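Biologist: Could you walk me through this one? I would like to know what lies behind each label.

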Amino acid sequence: QDAIDAANSLDIVLVQPGTYQENINFRGKNLTLGSLFLTTGKRSYIEETIIDGGGRKEVAMLQNIESYARFSGLTLTNGENVAYLGAAIFCAGEFDLILDHVILTENAGSAVKHEGGKLLIQNSQIRRNMGGVSAVSFDGLSDSNITILNSLIVENNQYAIYTTGNSELLVSFSTISQNGNQPQNSVSGLDLGGTSHIFENS
């Protein structure tokens, strides 16, 4: 959190390998938070660089962001859903969220809850999260969309994806499987509102 507080909007904050028991807040800044994967391309850094929410509240709170927030090459775990907010990442407001080469796992509630803007999940894994409405919860406002590319949403004890409002959904080259805690939801666990849903090569 200290590095985020010291950063300026548009900065890239690099996190060294290790486990950090923190609940972070971007303080309204447009930031990229990432592991050394960002500079080296070494995939092992994704699982070696962990932000642990400590089971207290969401791992990352994002609110009053001007335009975007990005996570890259990190694992976010052990977040706790408080008042139906996201357990790993909660986004309050309409801005773009980018999750690139991120693992969201073993969080108690929705792994990511976004209220508006655009959500891009690519080359990422959302797995083994429990409780809450869904692994990915998206309340779309006008001109809102969610895009999931080359990612896994698996083994979550909840819906995989929940959308509502004016949201548009595109899922491409991704696997959504073994989600939901009811027999009828055991394959994918989708609860889709919004205006359009496109699944291709998934």
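Predicted model: local features only at pLDDT ≥ 70, side-chain atom pairs only at ≥ 80, totals over all residues.

Biologist: What makes β14 and β17 a strand pair?

Modeller: Pairing needs at least two bridges between two strands. Three bridges join β14, residues 125-127, to β17, residues 152-154, so the two count as paired. These strands run parallel, and I126 has I153 in β17 as its bridge partner.

Biologist: Which order do the strands of the open sheet have?

Modeller: The seven strands follow the order β2-β5-β8-β11-β14-β17-β20, with parallel pairing.

Biologist: Why are β2 and β20 called edge strands?

Modeller: Because β2 (18-21) and β20 (175-177) each pair on one side only. Neighbouring strands in this sheet are turned by 10° against each other on average, direction ignored.

Biologist: Why is K42 said to lie over the face of Y45?

Modeller: The distance test asks for NZ of Lys within 6 Å of the ring centre. K42 is at 5.4 Å from the centre of the Y45 ring, so that distance meets the cut-off. Y45 also belongs to a core of five residues, among them L36, F37 and I103.

Biologist: And which residues touch the most other members of the largest nonpolar core?

Modeller: F71 and I89, out of 41 residues. Strand β15 (residues 130-140) gives that core its largest share, three residues.

Biologist: What does I89 touch, leaving out residues up to four places away in sequence?

Modeller: Its contacts include A60, L62, F71, L76, L97 and K113. Contact here means heavy atoms within 4.5 Å.

Note on methods
Residues numbered from 1 in each chain as written. Heavy atoms only, no water. Helix = DSSP H or I, 4+ residues; strand = E, 2+ residues; numbered from the N terminus. Axes fitted to C-alpha atoms, helices over the stretch in contact; angles between N-to-C directions. Core = buried A, V, L, I, M, F, W, Y, C linked by side-chain atoms within 4.5 Å. Buried < 20%, exposed > 50% of the residue type's maximum accessible area, 1.4 Å probe, protein only. Lys NZ or Arg CZ within 6 Å of the ring centre and 35° of its normal.
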